[in-house]
Amino acid sequence: MSRVALVTGAARGIGKGISLQLARDGYDVAITDLSFQKELALQTVKEIEALGRKSFFIEADSSKKEDLANAVNLTHKELGNFNTLVNNAGAASIAPLVDVKAADVEKLCKINIGGVLFGIQAAAEKFQELDQPGKIINACSIAGHQAFPMLGLYSATKFAVRGLTQVAAKELASKKITVNSYCPGIVLTPMWDLIDEKMGEYTGAPKGETLKKYIEGIALGRGSEPQDVANLVSFLASEKADYITGQSILVDGGIVYN
């Protein structure tokens with residue numbers, strides 16, 4: 001029986017990179033994203049299929065519990081199995097703490113915290129229904145290990161992901177379900193283009209200058225590509241990581257040291 005993964009927020013960026021790597025690893029991969037990303041998501045599906053694996057797109061909002069439960073059930077129904085969930089979907093917010101709005105708190109907590117929690121719930125329920133082990137892999141961040149100025153709210157949600165990962169790992173270990181997180185640094189994706197732009201609005205830095213400054217602080221001397229993160233997720237999804245749970249692993253080229 002083939003191995004099957006569901007990756008949320010996978011139309012582009014890190015999620016796409018993870019999906020393609022899992023396909024290369026022999027997984028059939030279902031992906032989710034929001035409706036406005038459908039065209040990009042369908043392109044990702046084509047690229048997965050070009051690797052010889054099955055794939056399909058599920059329109060889903062990870063901030064909605066029912067959407068994630070439906071995505072897990074559809075993945076199992078259409079692909080015939082369910083082994084791994086990657087809770088990749090997330091959002092960023094850039095502002096000093098004194099400028100954070102109530103709407104920002106609601107939005108980020110619903111997607112970054114709620115999306116991970118609801119994904120854990122849906123996956124754990126399905127693994128137990130199938131009476132089989134499973135892997136849950138969550139999107140955290142270097143900002144979940146160390147808070148950064150202008151990213152306070154985002155950092156708070158990612159600290160919460162580390163907490164959810166640890167608790168889920170403890171509660172689900174007896175069911176042979178492992179739960180871990182990947183913690184990227186400066187990944188060269190549209191999200192970091194947005195962070196660069198928004199920080200520049202507050203600091204007056206020209207476009208690209210904030211990103212350049214952060215990259216200069218990376219020990220290995222370059223920004224990350226989605227493949228760097230995908231390589232870690234590939235390991236966490238494999239049998240080589242069967243004895244690892246509750247960990248939030250940095251993949252940042254040398255920015256934060258724990």
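This passage describes the overall form of a predicted protein model and then the surroundings of selected residues.

The protein chain contains eight helices and seven strands. Its C-alpha atoms occupy a box of roughly 55 × 40 × 35 Å when the principal axes are used as the directions of the box. When contacts between residues at least 6 apart in sequence are considered, 73% of them join residues at least 24 apart. With regard to charge, the protein chain carries 27 positive and 29 negative side chains, and the centres of these two sets lie 3 Å apart.

Helix α1, which spans residues 13–24, includes glycine 17. Because its relative accessibility is 10%, and the limit for a buried residue is under 20%, glycine 17 counts as buried. Apart from neighbours within four places in sequence, glycine 17 is in contact with Pro226 and Ala230. Glutamate 39 stands 22 residues away from glycine 17 along the chain, and the C-alpha atoms of the two residues are separated by 16 Å.

Helix α4, covering residues 102–130, holds lysine 126, and leucine 117 also has its place in helix α4. The two residues can be described in turn by their accessibility. Lysine 126 has a relative accessible area of 6% and is therefore buried, whereas leucine 117, at 32% relative accessibility, counts as partly exposed. If neighbours within four places in sequence are set aside, the residues in contact with lysine 126 are Val72, Asn73, His76 and Phe82. Lysine 126 and alanine 5 are 121 residues apart in sequence, while their C-alpha atoms are 12 Å apart in space. For leucine 117 and lysine 16, which are 101 residues apart along the chain, the separation between C-alpha atoms is 21 Å.

The loop between α4 and β5, the latter comprising residues 134–139, contains aspartate 131. This aspartate is exposed, with a relative accessible area of 70%, and the phi angle of aspartate 131 is near 55°, a positive value in a residue other than glycine. Between aspartate 131 and glycine 208, which are 77 residues apart along the chain, the C-alpha atoms are separated by 50 Å. A positive phi value in a residue other than glycine is also found at lysine 176, where the angle is near 65°. Lysine 176 belongs to the loop between α5, residues 152–172, and β6, and with a relative accessible area of 61% lysine 176 is exposed.

Strand β6 runs over residues 177–184 and includes threonine 178. In this case the relative accessible area is 12%, so threonine 178 is buried. Leaving out neighbours within four places in sequence, the contacts of threonine 178 are with Gly134, Lys135, Ile136, Asp242, Ile244 and Thr245.

The loop between α8, residues 226–237, and β7, residues 248–251, is the location of serine 238. With 13% relative accessibility, serine 238 counts as buried. The side chain of serine 238 reaches the backbone oxygen of phenylalanine 235 at a distance of 2.7 Å.

Methods: Residues numbered from 1 in each chain as written. Predicted model: local features only at pLDDT ≥ 70, side-chain atom pairs only at ≥ 80, totals over all residues. Heavy atoms only, no water. Helix = DSSP H or I, 4+ residues; strand = E, 2+ residues; numbered from the N terminus. Contact = heavy atoms within 4.5 Å. Lys, Arg positive; Asp, Glu negative; His and termini not counted. Charge placed at Lys NZ, Arg CZ, Asp CG, Glu CD. Buried < 20%, exposed > 50% of the residue type's maximum accessible area, 1.4 Å probe, protein only. Polar contact = N/O pair within 3.5 Å; in protein donor to acceptor, adjacent residues only side chain to side chain.
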